[in-house]
Amino acid sequence: MIKYIVQGGTRLSGHVNISGAKNAAVAILPASLLVDGVCRIENVPDISDVRLLLEILRNMGANIRRFGRNTLEIDCSHVRNATAPIDLVRRIRASYYLIGAELGRFGHARVAMPGGCNFGVRPIDQHIKGFEALGAKVSTDRGMISAEAPDGLHGAEIYLDMPSVGATINIMLAATKAQGNTTIVNAGKEPHIVDLANFINAMGGSVKGAGTDTIRIRGGRPMHGCTYAVIPDQIETGTLMIAAAATRGDVLIRGALPTHMEALTAKLLEMGAHVDEGIGEDSIRVRSDGNHRHVNIKTLPYPGFPTDLQQPMSVLLSTARGTSIINETIFEMRFKHLEEIRRMGGISQINDRIAIIEGVPKLVGCPVTATDLRAGAALVIAGLMAEGVTDIYNVHFIDRGYEHLEDKLRSLGAQIERLPA
Ligand code: EPZ
């Protein structure tokens, strides 16, 4: 097991480059199953969720070649529809994209129920509703999901009960190979959904309207390999923006897309931090004197405030002047990190999906434990802003979604070490 040791009190300063988006990459890699041919994918983040997905695809017969840390070529021409290794599949949530991709490619799929961050039930009823509308029969038994479309997949009009990211992506994958046209209504609009649509179009598919709440897919078109670069990671960008403000720093974040960050930028400005987007279209500068006002946060589907930035933001609010209220509307149990922040002197009360955070003058370093990916990122920010030393356990959660986070923070002046726990 690995831990971080963080010496707090250093103001982050300088510039840092953003990696490719985890939640785009974990959708694009399974999408390469849809074609016979070589897909060259660039700006792939070097994170454990990606490495695990590549291991699963290799197990299924994909031929994968790496070119440096962030570029790979994947050829699924000879993939057989072997059931992906259950122990690997269960370790990440994104493995459920194999269902849509295998259903599209082979007309059937059998995948273990996914794992992923544990903050609530995280059902997949909307995914199943979409697959059934496309003509598949879906069953779940003994922890496995099976989908069969013996007569092939056909286009459909699918209305999602909520703008689910995963369901939108999974249905898009299967519908790309269905005969006929599919419309997804009340679709998710996240940047990584748009990125997948662009990748599918680069392979010869036809996905229109991604980024709006109505996506139209013309299925069954001839498709081929392609070259594609993954978008910058919106959540890594937001995490570093919050870290810059939390340490009263001055950080230029390069390769970030300001248009993806508007909800967070608005809140940082409301708190009294400075955010400059004018430097170049793909960079953001965050500065702060640390004198922050409290604000209220309500997490919403994109373009609302991202639930994945709620945990890091709650740490910044823990030392803002006044009392802040966080309404976590997406997941029912995403406040576990606040127990750890209380150990550091934070004051908060949780009532179901509402957290009330009372600002304190400072946090004090102590041993804390990450309970999921973004909770881990939140604890790193807490360690950076705290007085004294913070030991952070379960760093493997952080490795799932941040590429060499300690290297990036050290390049900004942070005192952070990665050691065996
Ligand atoms: C994706 O999860 C992301 N994961 C999550 O990021 C992110 O928090 C989430 O979207 C919201 O933005 C990946 O992209 C791999 P949803 P997903 O389907 O697809 C309910 C991270 O830190 N729902 O949009 O699981 C669900 O319970 C991770 O990078 C159903 O009820 O999110 C939740 O309340 C954590 N039925 C809400 O919708 C369904 O069939 C949103 O879930 C599907 C979802």
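**A capped helix, a helix pair and an aspartate**

Let's start with S164, which caps the N-terminal end of α6: one of its side-chain oxygens sits 3.4 Å from the backbone nitrogen of G166. A polar contact here is an N or O pair within 3.5 Å; within protein, one atom must be able to donate a hydrogen and the other to accept it, and residues adjacent in sequence count only if both atoms are side-chain atoms. Helices are DSSP runs of H or I, at least four residues, numbered from the N terminus.

Quick housekeeping: this is a predicted model, where local features need pLDDT of at least 70, side-chain atom pairs need 80 or more, and totals for chains, interfaces and linings use all residues. Residues are numbered from 1 along each chain as its sequence is written, and side-chain values use heavy atoms, with hydrogens and water left out.

Among the buried ones are G166, N170 and L173.

Next, α8 (residues 234–246) and α10 (residues 310–317) pack at about 5 degrees, axes 10 Å apart. That makes α8 roughly parallel to α10 (under 35 degrees). T239, I242, A245 and A246 in α8 meet P312, M313 and L316 in α10.

Last one: D49, in α2 (residues 48–59). Buried or exposed? Buried, because its relative accessibility is 3%. Beyond neighbours within four places in sequence, D49 contacts K22, V26, I92 and R400 (heavy atoms within 4.5 Å).

Terms used. Axes fitted to C-alpha atoms, helices over the stretch in contact; angles between N-to-C directions. Helix = DSSP H or I, 4+ residues; strand = E, 2+ residues; numbered from the N terminus. Parallel < 35°, antiparallel > 145°, perpendicular 65-115°, else oblique. Buried < 20%, exposed > 50% of the residue type's maximum accessible area, 1.4 Å probe, protein only.
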